[in-house]
Amino acid sequence: MDYFFQQLINGLVLGSIYGLIAIGYTMVYGIVGMINFAHGDIFMIGGFIALITFLVLVSIGLTFVPVILLVVLLVSMAVTALYGWTVERIAYRPLRQSFRLAPMLSAIGMSFVLSNFSQVAQGARVKPIPPVITGGYTLHESAAGFAVQLSNVQIVVVVTTVVLLAIFTWLVARTRFGRDMRACEQDQTMAALLGVDVDRTISMTFVIGAALAAVAGMMYLLYYGLVDFFMGFVAGIKAFTAAVLGGIGSLPGAMLGGLAIGLIETFWSAYCSVEYKDVAAFSILIIVLIFLPTGLLGRPEVEKV
Amino acid sequence: MALPVADRSTAKTPSTFGFIFKKAALSALVALALFSLMIGIRTEAGPSGQLIYWTRFGDLAAIVAAVFVGSILVELLRQWLGPAGTRTIVPPRITEGLSVASRFLAPALLVFALLVPVIFYNQRYLLDLGILVLTYVMLGWGLNVVVGLAGLLDLGYVAFYAVGAYSYALLAQYGLPLPLLSTAYPFITVEHLQLGPWAFWVLLPVSGLLAALWGVLLGFPVLRLRGDYLAIVTLAFGEIIRLVILNWQDLTGGPNGISGIPRPTLFGIPLNPGPNGLAGMLGIPFSPTHRLVFLFYLILALALLTNWVAIRLRRLPIGRAWEAMREDEVACRALGINITTTKLSAFATGAMFGGFAGAFFATRQGFISPESFTFQESALVLAIVVLGGMGSQLGVALAALTMIGGFELFRGLEQYRMLVFGGVMVLLMIWRPRGLVGHRAPSVFLHRERTTISSDMVKEGRG
């Protein structure tokens, strides 16, 4: 039972990271109807930016951990958001009127550009960092000596995710930008007629998605202690699976889907086999799309001729 | 069509130098923010595992300057060429000239391909490259059936390539299992038939059929999916196949791959230096080039077979159904076309050719490992099809030649290769989303006159 609870904690932490990435997929799909294939690589870039900022801050003599974390978070979010903006500006905006497959192919190209850019710029080897947040709590210790641990890193990941989600939900539900975004999601032409700057709203959607992916990248770095240039691909597909599972276009759905995928992956690794954990995640994507194409919280897509 | 284009060109006032400069400065500023951390600072794991870093501000400055200059050049070029969209109207004389040229291009290319082993007999490197190009031509033509004709975006095509390669390798290694009926207890016994020198010729169709079977297996679940979703599911499928191959170590050897795969024979006559080899039988001195020449003609024949089948299928009802489905699936269904068989047959046909190519790849290399079947391969084949204009056979062949040739040219810049590849894909989508050979010849004509329709006018289905 203790083993189960430990895996539950691990799964929820992993799921928070997937959920943060999945929000970017679901937002972009909701507003422009395309799969932003490069989003996983944006997450990877976020991890790299966090790593480099962290390294610089430590080397100039900053030692107070909360300040380091806050600065790293802000820098990583800002720079990665700029990456998101640039990608949209270069690769997707010129294709808005093109045929349907064009943005998808362009996104695949962009994904190659980003992952190989960081390979060329930062080298192909895995980049490890020493643990930044140490310590934790032992929640329960069984007679057999197995302890359920809740580390401080895990607390930081979950708390950051919850806080950011609260801010983000407020942004979408209460602000002018959120209203614009939801308007563009329903009908871009009508929104434009009513004075919404569609281009700017779409750009902002990419910026926010990238900023959340940057947070996920930083959390990944803190939790696993390493980044590499190839991590965006698999994480991206899993987060996309999460978005589909939750119902693409639905923001709470993305988070729910992320948690579900995190839990499934963790339990699969714990009880079945570690080697096939990615196979399990990809199979879920296929199964969900066949049996539950609208996801858990999604709206059915009405086909108009 | 002409009027709005003219309107657009007059509506936009020519920009001043100040505007260009401002834009370039802005681009440079964005580039500075993007690259200052990623390029300005280089991290690496040090000897003791500790992460170290050093600065590269020179590179950073160079890149920012390049962005600044590049931005000015792009803007000037844009003003010089006029606003986007004005060039879609090509003078009819040029279109005619192009179509005449392309009519002679295909036979000329074919004759050239047939003569390559004669001309370059002594250049093993070029022969090898030719074999590689033809393999991709074949893969491109196979995928073209799925993407170009049926309009189903398949991002996991490499899975069928892998199935073909591993089918051949494993069946050649363990022998072809033949179920034998018997009267004693298990009633069915499996006997492994060792094929010896005939392995390739027996297993080539078997590999193709197995790949086609996998194509149908993939096709069933994705029947209801469209466009992006279909793309992602096929991608997941391709990754699943690769991961299973990677992890099923007992069968596939995992990351170590399979080596010692039997080389092809000229219908049973091995191409080796022994007395039973081809050279020994003909009484000529043995040379390893013989095998290369043989492989070249083999893949050429396989590729031409793919091309021929694809062209013939287009004229059959099933091919018409594919193209109809590509243009509009709903209308297609309303007209009584069975979408299930149409989609499945497209997947199966494309997968079968992928399987043939995979078996050829295995016999050519003599060694296969999961590394050869990554998503990058799928993307490369897809890029060839897209660059070739999705549906044009000649275009795909030219695109394969350009892509693989380009890859070879930049072999020295190994690490920048995929970076450039991705960039080219993005630029291609912006500049010519319909590929370089942007025509699609309609298969059905109402009148006798044959015309080619510029692909800009063809509406893409949701496929």
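Trainee: How many residues of chain B are in contact with chain A?
Mentor: The model is predicted, so local features need pLDDT of at least 70 and side-chain atom pairs count only at pLDDT 80 or more, while totals for chains, interfaces and linings use all residues. Residues are numbered from 1 along each chain as its sequence is written, with chains lettered from A and ligands numbered from 1 in the order in which they are written. Two residues are in contact if their C-beta atoms, placed from the backbone, lie within 7 Å. On the chain A side there are 54 residues in contact, and on the chain B side the number is 47.

Trainee: Which helix of chain B gives the most to the side that touches chain A?
Mentor: Helices (H or I, at least four residues) and strands (E, at least two) are DSSP runs, numbered from the N terminus. Elements that each supply at least two residues to this side of chain B include strand 1 (41–45), strand 2 (51–55) and helix 17 (414–431). The most, 13 residues, comes from helix 8 of chain B.

Trainee: How many residues on that side of chain B are nonpolar?
Mentor: Ala, Val, Leu, Ile, Met, Phe, Trp, Tyr, Cys and Pro count as nonpolar, Asp, Glu, Lys and Arg as charged, and the others, Gly among them, as polar. The side of chain B that touches chain A has 7 polar and 6 charged residues, and its nonpolar residues number 34.

Trainee: What is the radius of gyration of chain A?
Mentor: Chain A has 11 helices and 4 strands. The radius is taken over C-alpha atoms, and the globule rule is 2.2 Å times the number of residues to the power 0.38. For 305 residues a compact globule would come near 19 Å, and chain A agrees because its own value is 19 Å.

Trainee: Is A:Ser203 buried or exposed, or partly exposed?
Mentor: A:Ser203 lies in helix 8 (residues 198–224) of chain A, and beyond its neighbours within four places in sequence it is in contact with A:Trp85 and A:Glu88. A residue is buried if 20 or more other C-beta atoms, placed from the backbone, lie within 10 Å of its own, exposed if 12 or fewer, and partly exposed in between. A:Ser203 has 17 such atoms within 10 Å, so it is partly exposed.

Trainee: What percentage of chain B counts as buried?
Mentor: Chain B comes to 17 helices and 10 strands. Of its 463 residues, the buried part is 40%.

Trainee: How are helix 11 and helix 14 of chain B oriented?
Mentor: Axes are lines fitted to C-alpha atoms, for helices over the stretch in contact, and angles run from 0 to 180 degrees between N-to-C directions. Helix 11 (residues 289–315) and helix 14 (residues 339–365) of chain B pack at about 180 degrees, with axes 11 Å apart. Angles under 35 degrees count as roughly parallel, over 145 as roughly antiparallel, 65 to 115 as roughly perpendicular and the rest as oblique. Helix 11 of chain B is therefore, relative to helix 14 of chain B, roughly antiparallel.

Trainee: How is helix 5 of chain B placed against helix 16 of chain B?
Mentor: Helix 5 (residues 124–149) and helix 16 (residues 393–409) of chain B pack at an angle of about 140 degrees, with their axes 9 Å apart. That angle makes helix 5 of chain B, relative to helix 16 of chain B, oblique.
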